[in-house]
Amino acid sequence: MATKITVNGKSHSTEAAADTPLLYVLRDDLELRGPKFGCGLSQCGSCAVLVDGKETRSCVTPVAAVVGKKVTTLEGLPALYAEEKQLGTAPGLHPLQQAWIDEQVPQCGYCQSGMIIMAADLLSQNPNPSDTEIKQAMDPHLCRCATHNAIVRAIKRAARAEG
Amino acid sequence: MGTPEPTPNDHQRFTRSALLKGGGALIVLIGVPAAVWGIASTTGSDAPTTWPAALDPSALDSWLAIHADGTVTAFTGKTELGQGNRTALSQIVAEELDVPFDRVQMVMGDTATCVDQGPTVGSLTINLAGPQLRQAAADGRHALLTLAATKLDVPARNLTVENGVVSDGSRRVSYGELIDGRLLGMAIPVKGKARGFGLALGGVRPKSARKYRIVGQSVPRVDIPAKVTGEHFYIQDVRVPGMLHGRVIRPPGLGSQLISHGKPSHGARVVRLENFLGVVAEREWDAIKAAEELEVKWSDWAGLPTMDEVYSYIRKTPSLEDTVVAHTGNAAKALAGASRRFEASYTTAVQTHGSIGPSCAVADVKDGSATVWSGTQGPNVVRAALADALDIPVDNVHVITYEASGCYGRNGSDPATIDAALMSQLTGHPVRVQWMRHDEHGWDPKGPATVHQLRGGLDAKGEIVGWDHEAWIPAFFETTVIGSVLAGRTVRMPSLHLWEDPILYDIPASRQLAHYQGDIGSAENDGVGLISAWIRSPVQLQLTFASESFFDELAAAAGADPVEWRLRRLTDPRMTAVLKAAAEAAKWQTRPSPGPNARGASEVARGRGVATSLRGGTYNAAVAQVEVDRKSGKIRVSHMVMVQDNGMTINPRALKLGIEANVVQTVSRALIEEVTFDRSNVTSLDWEGYPIIRFTDVPTVDVISIDRPNMRATGSGEPSCNPVAPAIGNAVYDAVGIRLRSLPMTPVRVKAALEERAMKRPISHRLGAV
């Protein structure tokens with residue numbers, strides 16, 4: 001039976017079994033490359049997406065659990081930003097994505113989709129976080145290249161740009 | 001449902017034989033957008049493009065394609081591993097060709113179109129492949145000037161080039177007009193080997209560094225925009241038509257034999273060749289569930305030493321080879337005659353690469369040919385391994401490299417590539433294999449355990465008279481590929497064993513002796529043990545931990561300040577400059593260690609430590625500031641200073657960010673990382689079993705780069721990791737007066753050492769040392 005979900009503002013229908021983790025629907029059916037498979041155990045955060053604005057690990061969230069909710073991946077952040085700020089058209093990049101480029105954050109970049117999603121959740125709740133608040137909020141996300149300091153700088157930069 | 005739509009990178013499914021059938025000189029690919037190479041489109045040109053087929057390094061067209069619109073494609077056998085090689089190599093090519101940076105694109109790591117410049121290892125890309133590409137680009141510029149001289153009928157020496165436009169002062173002609181869709185067709189003299197690290201090209205003299213306008217600039221990295229929008233193609237994103245999803249099912253013990261298996265669930269198919277077992281399914285989740293649920297009977301195997309006995313096991317196992325790496329004078333005699341003699345054992349634990357994305361590959365094997373998409377560091381190395389494992393001629397194997405999750409050494413990419421190829425050959429379908437987290441943590445080749453015996457002697461005045469460093473380290477003449485072993489088609493890939501650099505200090509008599517060992521447990525399992533491959537920096541992180549910590553022990557014994565102790569014995573002015581810069585940046589207070597409060601009662605003790613390293617021509621010095629919690633034993637690194645001199649800097653900002661990340665990663669490895677195993681196999685199979693550093697434990701890092709624009713650029717990906725662990729260990733000694741001789745420096749080890757001292761017993765070797 002088809003499951004209907006809303007991803008990045010668009011409605012999609014998937015034949016995936018209801019227990020299929022959202023991640024595989026996003027990657028294999030919707031061909032989105034932002035969310036990544038990292039552990040399948042909700043330990044690393046590379047699969048993170050926003051579900052109704054909250055950071056959620058798509059590798060352990062059954063697709064059936066997001067029916068009727070709004071899923072936003074890395075790709076959908078500019079449109080989400082436009083909606084929040086009531087802009088007519090979406091910018092090319094969300095301020096966090098721009099800050100990530102300005103700070104030249106990624107090394108391999110594999111974890112960064114999840115990092116940016118987590119940062120978007122953080123800034124929506126706390127638009128001007130301190131270093132300590134940023135580190136505490138980001139702590140559940142792993143980066144093996146160890147770009148943590150650059151990530152903190154980028155989040156502060158994005159917060160400043162919005163402030 | 002069903003087969004995913006082909007993605008734009010599908011165009012790359014041309015085979016080497018098809019390529020060669022294209023006339024042996026060129027192949028035309030229609031409508032290849034620039035973005036498919038993983039970089040932002042710089043031209044918007046979808047016009048037919050001419051690609052060189054020849055991989056002969058003496059053909060200029062093997063290196064460069066100048067397009068009619070003035071853009072340039074440069075080809076390199078190297079791959080991007082996340083530290084910015086693509087950008088830095090593009091800067092080098094743009095600089096020599098005198099074209100704007102954004103007109104250069106790189107094709108990386110495609111065995112059909114890129115010269116084999118050796119695998120992307122050992123921080124040797126900028127160091128060795130950089131000069132190769134620089135020379136090719138300089139020769140390319142010369143070829144274009146020759147064309148311009150003919151066209152304008154003036155001597156080439158009267159011509160200048162700016163932004164890809166040649167001028168004789170009055171008339172102008174662009175590279176695009178000059179090439180007019182043709183190949184460059186020029187030969188370059190090959191002076192060294194025809195492939196690999198030793199490949200050396202000749203021809204015209206490259207540009208003087210004084211004239212550089214692109215090299216040395218902090219050009220933004222070209223791969224970053226797509227990495228923050230989700231457009232970047234990782235190897236994990238490659239999909240091809242008709243593809244099945246595969247998952248491997250590994251044995252519980254390294255030497256377990258497959259006895260039987262049940263029927264697969266979820267419509268999956270079992271793929272088996274001897275002990276090589278997996279499942280394939282059309283949908284990825286079906287493959288995952290089927291692999292989880294398949295009932296499999298394996299035989300028991302328990303040939304590994306326990307973790308408690310691993311270091312004595314390593315010492316006791318007969319070496320494959322013993323080599324004196326370096327020596328000065330007669331160390332044994334000098335030590336025998338010393339007034340005070342010191343000896344200590346150091347050990348380092350097994351560690352994992354820990355890539356955030358488990359390794360992945362896609363393979364299409366049919367009719368005796370293989371097209372393979374891989375995240376490998378060594379496309380030509382894995383190409384040869386594929387040919388062996390599939391038993392097909394190497395000419396029939398085409399490896400196309402896509403960037404993978406960061407690897408920092410040989411992670412699971414190569415073995416996952418062999419897995420995908422075996423599954424494709426066995427099923428007759430293209431197969432995508434992604435390892436699960438437990439596969440990556442369990443089966444990526446491991447950074448190996450090492451053991452060190454250090455001896456040092458001081459004379460009556462406190463001068464060092466003798467030094468001896470004996471190390472039991474893996475041989476790494478080759479790395480075993482697990483899938484091929486299980487399938488009964490054992491392939492071993494050539495590798496490196498690199499204890500190269502002599503000790504840094506002027507000591508009258510010294511020796512460095514390597515005992516090269518097989519993998520742990522390999523003697524018990526037909527040569528296949530706990531498969532190992534270096535994590536950055538090959539063997540030197542371990543060697544430097546031992547030597548720079550023990551050097552500090554001698555400084556403390558002599559009552560000397562650790563920085564002065566080193567400066568007095570350094571003879572290389574570049575090393576001296578690096579160490580002085582580190583001490584200055586850290587506001588180093590000159591005094592011996594341990595510090596005045598090392599035996600105090602405060603809950604938190606603070607200390608600072610220093611260490612240096614020289615790796616492949618790159619100089620590093622680190623100062624660590626630590627806080628030791630006497631109650632919990634936890635070490636918190638609050639700040640690191642890292643100074644690096646790698647000669648010429650290609651991209652200062654990318655360099656500094658790479659160093660900062662490498663330092664933080666190594667703090668993690670120094671403090672908490674240890675693979676656990678039982679007698680059968682690895683037991684740390686996820687991020688709870690093998691934690692890595694998190695945001696709240698990350699130190700601030702002050703990176704200082706000493707640029708020497710007139711010197712050869714040496715490597716940077718690895719070297720800065722080397723002094724991190726000993727700087728931390730030396731800082732702990734400064735803080736609390738205990739010497740940590742085992743990596744990682746966990747709270748358990750710190751507490752044990754503090755408690756032992758409190759009981760006034762000598763620190764025994766219970767802490768993991770032998």
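The model is predicted, so local features need pLDDT of at least 70 and side-chain atom pairs count only at pLDDT 80 or more, while totals for chains, interfaces and linings use all residues. Residues are numbered from 1 along each chain as its sequence is written, and chains are lettered from A and ligands numbered from 1 in the order in which they are written. Helices (H or I, at least four residues) and strands (E, at least two) are DSSP runs, numbered from the N terminus.

**Chain A as a whole**

- Chain A contains 6 helices and 5 strands, and along the sequence they follow the pattern β-β-α-β-β-β-α-α-α-α-α.
- Its C-alpha atoms fill a box of roughly 45 × 40 × 25 Å, taken along the principal axes.
- For 163 residues, a compact globule would have a radius of gyration near 15 Å, and chain A agrees with its 15 Å. This radius is taken over C-alpha atoms, and the globule rule is 2.2 Å times the number of residues to the power 0.38.
- Of the 163 residues in chain A, 58% are buried. A residue is buried if 20 or more other C-beta atoms lie within 10 Å of its own, exposed if 12 or fewer, and partly exposed in between, with C-beta atoms placed from the backbone.
- Among contacts in chain A with a separation of 6 or more, 57% join residues 24 or more positions apart. Two residues are in contact if their C-beta atoms, placed from the backbone, lie within 7 Å.

**Strands in chain A**

- Strand E3 (residues 48-51) of chain A runs antiparallel to strand E4 (residues 54-57) of chain A, and 4 bridges join them. Strands pair if DSSP finds at least two bridges between them.
- Val51(A) has Lys54(A) as its bridge partner in E4(A).
- The hairpin of E3(A) and E4(A) has 2 residues between the strands, and Asp52(A) takes a positive phi near 50 degrees there.
- E3(A) is also joined by 2 bridges to strand E5 (residues 70-72) of chain A, again in the antiparallel sense; here Leu50(A) has Thr72(A) as its bridge partner.

**Where the chains meet**

- On chain A, 47 residues are in contact with 51 residues of chain B.
- Five helices of chain A each supply at least two residues of the side that touches chain B: H1 (22-29), H3 (95-102), H4 (112-125), H5 (131-138) and H6 (148-162).
- That side of chain A has 21 nonpolar, 17 polar and 9 charged residues. Ala, Val, Leu, Ile, Met, Phe, Trp, Tyr, Cys and Pro count as nonpolar, Asp, Glu, Lys and Arg as charged, and the others, Gly among them, as polar.

**A three-stranded sheet in chain B**

- In chain B, 3 strands form an open sheet in the order E3-E4-E5, with mixed pairing.
- Strands E3 (64-66) and E5 (104-108) of chain B are the edges, each pairing on one side only.
- From one strand to the next, the twist averages 20 degrees. Axes are lines fitted to C-alpha atoms, for helices over the stretch in contact, and angles run from 0 to 180 degrees between N-to-C directions.
- Strand E4 (residues 72-76) of chain B runs parallel to E5(B), with 5 bridges joining them; Thr73(B) has Gln105(B) as its bridge partner in E5(B).
- Helix H2 (residues 85-97) of chain B packs on the sheet, touching E4 and E5 of chain B, and its direction makes about 130 degrees with that of E5(B).
- Helix H3 (residues 125-152) of chain B packs on the sheet too, touching E3 and E4 of chain B at about 35 degrees to the direction of E3(B).

**Strand E16 of chain B and its partners**

- In strand E16 (residues 360-366) of chain B, 6 of the 7 residues are buried.
- E16(B) pairs in the antiparallel sense with strand E19 (residues 431-434) of chain B over 4 bridges, and with strand E17 (residues 369-374) of chain B over 6 bridges.
- Cys360(B) has Gln434(B) as its bridge partner in E19(B), while Val362(B) has Trp373(B) in E17(B).
- E16(B) and E17(B) form a hairpin with 2 residues between them, and Asp367(B) in the turn has a positive phi of about 50 degrees.

**Helix H17 of chain B**

- At 1.5 Å a residue, the 13 residues of H17 (residues 724-736) of chain B should span 18 Å, which agrees with the 19 Å between its end C-alpha atoms. The expected span is 1.5 Å times one less than the number of residues.
- Gly737(B) follows H17(B) and has a positive phi, near 75 degrees.
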